[in-house]
Amino acid sequence: EKPDRLDRLEGWRRAGLLCLTPTSTPAGLAELSQDLNQRLREAGFTVEERPLRAHMTLARGLEIRRGR
């Protein structure tokens with residue numbers, strides 16, 4: 001199994017998104033995100049404090065209901 005595949009289909013209810021996500025975030029992508037956030041902070045920007053959730057958005061504006 002390749003850890004860098006978008007291998008899960010997820011519905012994010014609050015955001016109304018249908019996404020593909022990886023089972024685990026590739027280390028290189030997490031490092032890139034951390035480095036970018038650090039450089040943006042140093043430049044005076046406010047950055048997200050939430051951890052990276054790698055994903056590809058397939059659809060927006062959905063009403064996603066809980067499965068049964």
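**Briefing: sheet, helix and surface patch**

Glutamate 10 stands opposite cysteine 19 in strand 2. The model is predicted, so local features need pLDDT of at least 70 and side-chain atom pairs count only at pLDDT 80 or more, while totals for chains, interfaces and linings use all residues. Residues are numbered from 1 along each chain as its sequence is written, and side-chain values use heavy atoms, leaving out hydrogens and water.

**Sheet**
- An open sheet is formed by 3 strands in the order 1-2-3, with antiparallel pairing; strands are DSSP runs (E, at least two residues) numbered from the N terminus, and two strands pair if DSSP finds at least two bridges between them.
- Strand 1 and strand 3 stand at the edges with a single partner strand each, so one side of each has no neighbour in the sheet.
- Strand 1 is joined to strand 2 (residues 17–22) by 6 bridges.

**Nonpolar patch**
- Leu6, Leu9, Met56 and Leu58 form a nonpolar patch on the surface, with about 370 Å² of accessible area together (Shrake-Rupley method, 1.4 Å probe, only the protein chains shown counting as cover for residues).
- Strand 1 (6–12) and strand 3 (56–59) each supply at least two residues of the patch.
- Leucine 58 lies in strand 3.

**After helix 1**
- Glycine 44, with a positive phi near 95°, follows helix 1 (helices are DSSP runs of H or I, at least four residues).

Note on methods
Patch = residues over 30% accessible without salt bridge, like charges linked within 9 Å, V, L, I, M, F, W, Y side chains within 5 Å. Salt bridge = Lys/Arg side-chain N within 4 Å of Asp/Glu carboxyl O.
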